[in-house]
Each structure stands twice: as structure tokens, then as C-alpha cells.
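Visitor: I would like a close look at one part of this model, taken slowly and with the criteria spelled out.

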Amino acid sequence: MAIQFISATKIFKLDTNKTSYILQVNGYGYLLHHYYGAYIPDSEMDYLGYTVGHSSFSPGVPCWKNGEPYFSKDVSRMEYSCNGCGDFRGSALSIIRSTGTADTDIRYVSHKIYAGKPQIVGLPATYAAADEATTLEILCIDEASGAEVTLYYTVFEALGAMTRHVSVKNTSDKMMNIQRIFSTCVDFHDARDMDLIHLYGSWAMERKFERIPLMHGTQVISSKRGASSAMHNPFIAVCSHDATEEYGDAYGFNLVYSGNFVASAEMDTDGGARVLMGINPEGFNWKLEAGESFTTPEAVMVYSNEGIGGMSRIYHRLYRNNLCRGEWKNTRRPILINNWEATYFNFDEEKLYDIAKTASELGIEMFVMDDGWFGDRNTDKSGLGDWFVNESKLKGGLGKLVDRVNDLGMKFGIWFEPEMVSKDSNLFRAHPEWALQTPNRPMSIARAQYVLDMSRADVRDYLFDCISQVLDNANIAYIKWDFNRNLTEVGSALLDADRQGEVFHRYVLGLYELLERILNKYPHLIIEGCSSGGGRFDPAWLYYAPQSWTSDDTDAIERLDIQYGTSMCYPVSSMGSHVSACPNHQTNRTTPLTTRGHVAMSGTFGYELDLTKLTDEEKEIVKGQCDEYRKYYDLINKGDLYRLISPWKDRTRCAWSFVSEDKNEVLLTYVVIRGGIYDRHYVRLNGLDENRYYRNVQTGQVLSGKALMNAGICIQERLRDYESRMYHFISVN
Ligand code: GLA
């Protein structure tokens, strides 16, 4: 039984095959958190619940019950902390009731346990069949305000993951305001030997890995850009100081949301720590009329005692199987050529066709036409919003070009940036009120563009019609959905003053509604997410888009850091990764074409350069890479990722591998960052079957799983800066 309620003690025990999560309703009706970690057999855990010997200065429950011990939230581990009634740590829930006071205090009313997982209406979330997951709903009430709060927990038994979200219903006859409502709250009993991992960055250097000790006080990772952002990702992990890729406790938290978020870890004086994650309260204020409800996005929590690598592999499986949807979840996605770095805005239909033709000869399967095909768009200064084909650039129209590319045996993809409008565009001239803005204040401008108010149904209808018009008139298989600036002056002309605090979240809900509508109408479409590279790379996108452009930095060496960090929770199958020209346009670095291929193959593979300019020898290499990618597709995209040598550790090399689920096959990639004088390179593999022997297909050498994992392989070559090797191992017994 994955979720049990032990009525004698009012304990809830939520188990997966590797983890347990335990909470309890105490005598006053409060929910106490007792445990989250490796699986423990069924047992009474209430001894963890009461803190005896606390100071009398800690506020306690106002009305004692006979026989119940003194209870103070100040010194207890709370399951879902509320503001203003004696828990002084960061709170998960704060509601301003009709009295104007922000005091919230929820107590248990009832619960339900059932097979499967409910949908979250209007929000992307993981999904599960009835035999894959079990759900617990705990209904609580704040009697003073009439706020009914439901806590949702789903455990994915076989995967070892769990999800949480929360909804609030106003059951009073008066209005209330939600100031903050987080998706999850976990109180760790003892976090004194724990580290915090998070992913920071900026444009062209997204999701850099940072690991720091938890400190007393609060460490906060957040975004208030209106997007999950390149600067911080809605992912954190807390892990034991001694946790490595292979060993130790690692707890991951990831928010399925593309807007403003907060993730925080607060260590209190007695060494416990509270982790909170949810919508960023800054810029958020949700008015809840009598009878209305509000539901948070979902947080995905993963625990592994097989280290950080173990945690990542659980996320990868969950996201591949229970978050990605539709046809392209399991179907091999086409190898693509994108014209952005090949031409930027400077193209016509013949130039694009020439690139596509060369690509088709090399085994590339889809041509993607990037920015500049519409409106009056010859630079990034104009045209966004005018989603009508520029026929002076694409003579004969889009349909003709698409047909010609289809005749080469290739699919056709196209770039959109639907949420934006250029200041210099017909759309903005006709509908200036469709852009986000606030009264009597100039609108900040970035890349010469404004952000459309996605909370408006008329804006979404316009975009749906424009996109449909393009897709209905040409055989388009793929959309690259870009988003190239963040939100400022966030006001909506259609909402009353007391609802302006809802615009950030309504924007995200509007975006999801539009994506859902498009996918319903075009179920065969592949959407690739993008945001100035990887500026909105979050799990929510995976629900709509099986792949996202990882970064505008296509330099293979920079990509080692970026892809390594991204893999903390996102599967390789979601990372758009292209071979581009050298010297690289972002870094000016020159790397071997083979290395660029090896690095890009650890993602959804493609090219982004003018293929017509390649030498014959380079074309042969590209052909070989496409064949290799097709051959290894399942291993790369469905296998387990083992990070073997971190590019952060010594900055001289990097290695990772994919191991098939049956452990029959392994693909190892090794990249030298600084070659030095070394003529021997050792790499220890991981995740193999130690009782089997494996043949290195490239060298013919046969070694035992034990040897490969304990002693490793030895590459006896003086590899130069940026050189790489890829080895395929197959089990021989
Ligand atoms: C963003 C994307 C790029 C490209 C340009 C086009 O920067 O990340 O890949 O599509 O926009 O303007």
C-alpha cells in the first residue's frame, strides 16, 4: 500500500519502493512533518513530533485541550506552515482575510486516498495511470477566515518520486487575498551537514552548477522576470555534505511552472531546515471572492540515497514518461538544420533551399526556418506580431518553399515569438493596449519589443488565428517558440485595480492555454521551447514541448557546463543541441567538428550553420554523425545518464555515459578541455552490470563490468585541447 493512514495515531505514511514520507495530525488538528528520506518499514513515528523542553517564550496553542501536551509551532516541524500564528519561519501560506489581517492557521478536517493522479486544471503537471501512482488529499480549514486548503500528494511508487500542490477555496461570504501560497514545504529535522545545489546563469551561460553549504538563515533562489529565467532555474537540491554523484542523500525540488518562482532553504537555530518552493509572492496578490478557488503549480520532489546522479536519473525517467506527452514523447525526433547562425536575417527562399538541399544529402531530416520570414522583419527592430509571410523575401510564398523542402524528403519547421510585439509593427500600431503596461508610466523596451498581455483572451485568439493560418497553409511539422525579453510594467488594461497583482500568474495561465489549444488542433506538431536560448527551460515546458533550445551558446566547450547543469533534473531528450560553425559565433573558439558532434549528440541533435560552405571532408563527417545519432538514439534518449567527470571539478576534462535500462549497452563520451602533456586518460564507468563483460566496439577490447567501473578505461593517446572520444560498449554475456 503506497499511502496508508494509521487511524490510531493519525499518521500518514507515503511510500515509494525506495522512499518514505511521514506526517501526522496532532491532537490539535495540526499537521506535523516527521520524516522524508530512504524507505523505512511501517512504524510509529510520532516520537519525532513533539519538541519537549522548549522555552516558555515560544508561543503555544491558545486553547489547551485536556491531556494534550503543550504545543508550539515555533519549535515544531510543520507540514504546511502558515503565517502569523506562532511559526516564525518562512511560511507557505499567507491569506489576508476580510479583516485586513494576514493571520492564517489551518487544521485537519478529512482526507482521501485513491489510485492515480488528478489533473491540475489549466496547469501543466505530471500525469499517471491508476497503477503508477497513488494520491493523498488532505482537507484543512482555517476557521477564522473560511479558507479551505487542500494539500495534494502523489507518490510514483516505482519511480521513487512524489509531487505536491495545494488549492484554496474561499468558503466564507467575504473576499480574501492570497499573499503567498507555495506548492511545497518540507521541514528537515537536521540539516546541519547539508549543502544546497542550484543552477544560476545568464544569457548564453544558463544553468551553471553551484553547491554551497546550507547556512543559518535563509538562502533564496528566485525569479521575478515573468519567466523561470536563465538567471535562476526553478530547481534546487539539498544533499548531504558527503554526497557525490554516486553516494549520499540528495533531495531535489523542481517547480512545474514557467513564471516567477521562489525556492528557499532556511536553517533555524536548532539545525533543522525548511525548504519552500512555489510562485514568487513578490508581484503576486490574488483576490479570492466568496466561493472561488486557487490552485498552485506542482512541485516535484525526488529523494535518492544514490547521490546526485541517482536523483537526476529519477527526474529524467519521470519527466520522459510522466510529463512529456503526445506523439513525440516516444517517437524519434528528426535531426534538424536551423538557419539562424547560417544566415541570421539575411536570406531568401533560394538560400534556404540550398541549405536544406545540402542537409538532405547529408541525412538531416528537418529544415527549420528561424527568425525573419514574416512582416517587415529584416533586423530585430521590427515586425514581431505581424505573423504574415514576407513574400518579397520568400518569393512564391511559404507553401512553395515548404513543398520544395518536403520534396527533398525533409520536414519543415518554423520560428515564432508569439508573446511579443515590436514597437515598429502593424500589430502594435493597431493595438497598443495589447502590450503589458501600467498607467502613466513609459514602457521599458528590450530588443525593440514589448510583451503582449497573455492574460487577455483577445490577444490569445489573435495569436491562435495567426499560427493556425500559417500551419493550415503549409505542411509545417515543428515550431520553435521563442520568448526574448522579460516582463516589465506588468499591468493589464482589462483587470480592475484590485486584480493587477494577478497579472503575472494570469500571463502564465494564458500562455499554457494557448499552447494547449494549438496542440489540440495540431497533435502531430513538435514544439521546441526557446527563450533567448535557455531562458525559460523548466519542467512545465516539457508538458507542451518535448525539447527546448538549451542555450544560444553553441560552443562545444561552453556547452559542457551548460548541458551538465541542465541534466541535474532535465532529461537529455529535452535539450536542443546543435553543431555550429567555427570560430564559434559566441566565443570565437575553434573546436574539432567531431567534438561539436559528440557534445551535440547528448541532446536533441541538430545543426546550425551554412552547410553549403563545408568541405567534402566535413560533409562526410556530418553524414557519419547523423548515422551515429540515429544508431544511438534510443541509448542516448532512453538510457540512464551517468555523469562521470564534472567539467567544474578540474576544468581539464569532462565525461558522461548513457547506459541502457537492461545494462547491455553503454555510450561513453570523453572531452578534453585542456590537453596538457597527458598521454593517458582514465575514465571510470558507472551503472554497468558488474557480473558482465563488455566489448568496446571501437577498440575491440573486452573488459568486465567490475574492471570498467573500478579501474576504468585507459585512453592511451595524447589528446589535444577540445578533442573528444566516444566509445560504444556492448555486453558480451
Ligand atoms: C533567440 C533564439 C535564437 C534565435 C533568435 C532569433 O535569441 O535563442 O536561437 O532564434 O532569437 O531572433
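Visitor: At what angle do H10 and helix H11 pack, and how far apart are their axes?

Guide: A word on conventions comes before the answer. This is a predicted model, in which local features need pLDDT of at least 70 and side-chain atom pairs count only at pLDDT 80 or more, while totals for chains, interfaces and linings use all residues. Residues are numbered from 1 along each chain as its sequence is written, and side-chain values use heavy atoms, with hydrogens and water left out.

H10 and helix H11 (residues 616-638) pack at an angle of about 20 degrees, and their axes are 10 Å apart. Helices here are DSSP runs (H or I, at least four residues) and strands are DSSP runs as well (E, at least two), numbered from the N terminus. The axes are lines fitted to C-alpha atoms, for helices over the stretch in contact, and the angles run from 0 to 180 degrees between N-to-C directions. H10 and H11 are therefore roughly parallel to each other, given that angles under 35 degrees count as roughly parallel, over 145 as roughly antiparallel, 65 to 115 as roughly perpendicular and the rest as oblique. H10 passes H11 in a right-handed crossing; a crossing is right-handed if the near helix is turned clockwise from the far one by less than a right angle, and left-handed if anticlockwise.

On the H10 side, Leu593, Thr594 and Gly597 meet Glu618, Ile621, Val622 and Gln625 of H11, where contact means heavy atoms within 4.5 Å. By class, this contact of H10 with H11 comprises three nonpolar, three polar and one charged residue, with Ala, Val, Leu, Ile, Met, Phe, Trp, Tyr, Cys and Pro counted as nonpolar, Asp, Glu, Lys and Arg as charged, and the others, Gly among them, as polar.

H10 (residues 593-600) also packs against helix H9 (residues 556-566), at an angle of about 15 degrees and with the axes 9 Å apart. H9 and H10 are therefore roughly parallel to each other, and H9 passes H10 in a left-handed crossing. Their contact is made by Ala556, Arg559, Leu560 and Gln563 of H9 together with Thr595, Arg596 and Val599 of H10, and the residues of this contact fall into three nonpolar, two polar and two charged.

H11, in turn, packs with H3 at an angle of about 60 degrees, their axes being 9 Å apart. H3 and H11 are therefore oblique to each other. Thr358, Glu361 and Leu362 of H3 make this contact with Lys619, Val622, Lys623 and Cys626 of H11, and its residues divide into three nonpolar, one polar and three charged.

Pro583 lies in the loop between strand S29 (575-580) and H10, and the peptide bond from Cys582 to Pro583 is cis, with omega near -5 degrees. Tyr344 is placed in the loop between helix H2 (340-343) and helix H3 (349-362), and its phi is near 45 degrees, a positive value in a residue other than glycine. For context, most residues other than glycine have a negative phi, and most peptide bonds are trans.
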